[in-house]
Amino acid sequence: MGWPLAVSAGLMDKSPRALFRALWALSAGHLLATLFVLLPFAFLLVLAEWQRAIQLIASLLVIGFGIYQLMARRHPRALARIPPTQLGLWSFAVAIAHGAALMLVPIYLGLCQAFELDAGHRAAGALMKASLGMMLLVSVVHVTAMVSAGGCLAWLVYRYLGLKFISRSWFNLDAVWATSLVLVGAVALAFNLVSWR
């Protein structure tokens with residue numbers, strides 16, 4: 001979600017280097033946020049006898065956070081313009097506030113085991129349960145994929161469309177993101193409750 005700030009940094013400095021420096025800062029903040037959310041869950045997996053309770057609480061946490069995001073729809077105006085020196089901190093705060101790493105929690109905790117998954121989700125689940133090092137690798141791959149996609153979009157907008165395109169076509173995906181959190185949490189909760197019986 002930070003790619004517009006990368007475009008802004010590039011346009012303000014009139015340099016593609018500024019855009020790429022901003023992307024690095026955004027990557028660092030997003031990676032730290034992902035690790036910040038996933039590390040506690042990685043340590044909790046040691047408590048195998050509490051796995052069911054942890055899965056149900058994680059499902060409810062994802063649902064609750066999605067509902068909170070749907071209700072608290074105002075963004076502080078101070079977050080609209082972030083200096084390039086603070087992009088890493090901004091990326092960390094926004095990734096935590098928007099629940100970016102929460103999308104990995106259902107797979108990480110095995111919330112999706114009660115039903116058939118496609119090969120990609122099965123592989124991700126197996127990898128994430130393997131070790132703390134694998135959790136770190138999954139976090140790095142996730143951040144790389146997200147920043148690559150956002151970076152391509154930022155570069156295209158910076159290079160070809162410019163500031164007028166952003167100011168005329170800006171749209172807010174917060175409601176879509178919050179709804180997806182509620183749906184993922186509800187599906188995970190439902191399948192866990194069904195498999196518990």
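**Exercise 1.** Classify D13 by its relative accessible area and identify the residue with which D13 forms a salt bridge.

Solution. With a relative accessible area of 43%, D13 is partly exposed, a class lying between buried (under 20% relative accessible area) and exposed (over 50%), with a 1.4 Å probe and protein chains only. Before going further, note that this is a predicted model, in which local features need pLDDT of at least 70 and side-chain atom pairs count only at pLDDT 80 or more, whereas totals for chains, interfaces and linings use all residues. Residues are numbered from 1 along each chain as its sequence is written, and side-chain values use heavy atoms, with hydrogens and water left out.

Next, apply the salt-bridge criterion, a side-chain nitrogen of Lys or Arg within 4 Å of a carboxyl oxygen of Asp or Glu. The partner of D13 is R21, and the closest N and O atoms are 3.7 Å apart. A search of the whole structure finds one salt bridge. As a general point, side chains of opposite charge can pair when their charged atoms come close.

**Exercise 2.** Describe the backbone and the exposure of K14.

Solution. K14 sits in the loop between α1 and α2, where helices (H or I, at least four residues) and strands (E, at least two) are DSSP runs numbered from the N terminus. Although K14 is not a glycine, its phi is positive, at about 50 degrees. Its relative accessibility of 72% makes K14 count as exposed. In α1 itself, by contrast, the buried residues are P4, L5, A6, V7, A9 and G10.

**Exercise 3.** Which residues touch the most other members of the largest nonpolar core, and which elements give two or more residues to it?

Solution. A nonpolar core is a set of buried Ala, Val, Leu, Ile, Met, Phe, Trp, Tyr and Cys residues joined through side-chain atoms within 4.5 Å. The largest such core holds 16 residues, of which A6, L19, L26, L87 and W90 touch the most other members. Two or more residues come from each of α1 (3–13), α2 (16–44), α4 (87–97) and α7 (132–169), and α2 gives the most, with five.

To inspect one member, list the contacts of L87 (heavy atoms within 4.5 Å): leaving aside neighbours within four places in sequence, L87 meets L5, A22, A25, L26 and I82. The general background is that, in soluble globular proteins, nonpolar side chains tend to be buried together.
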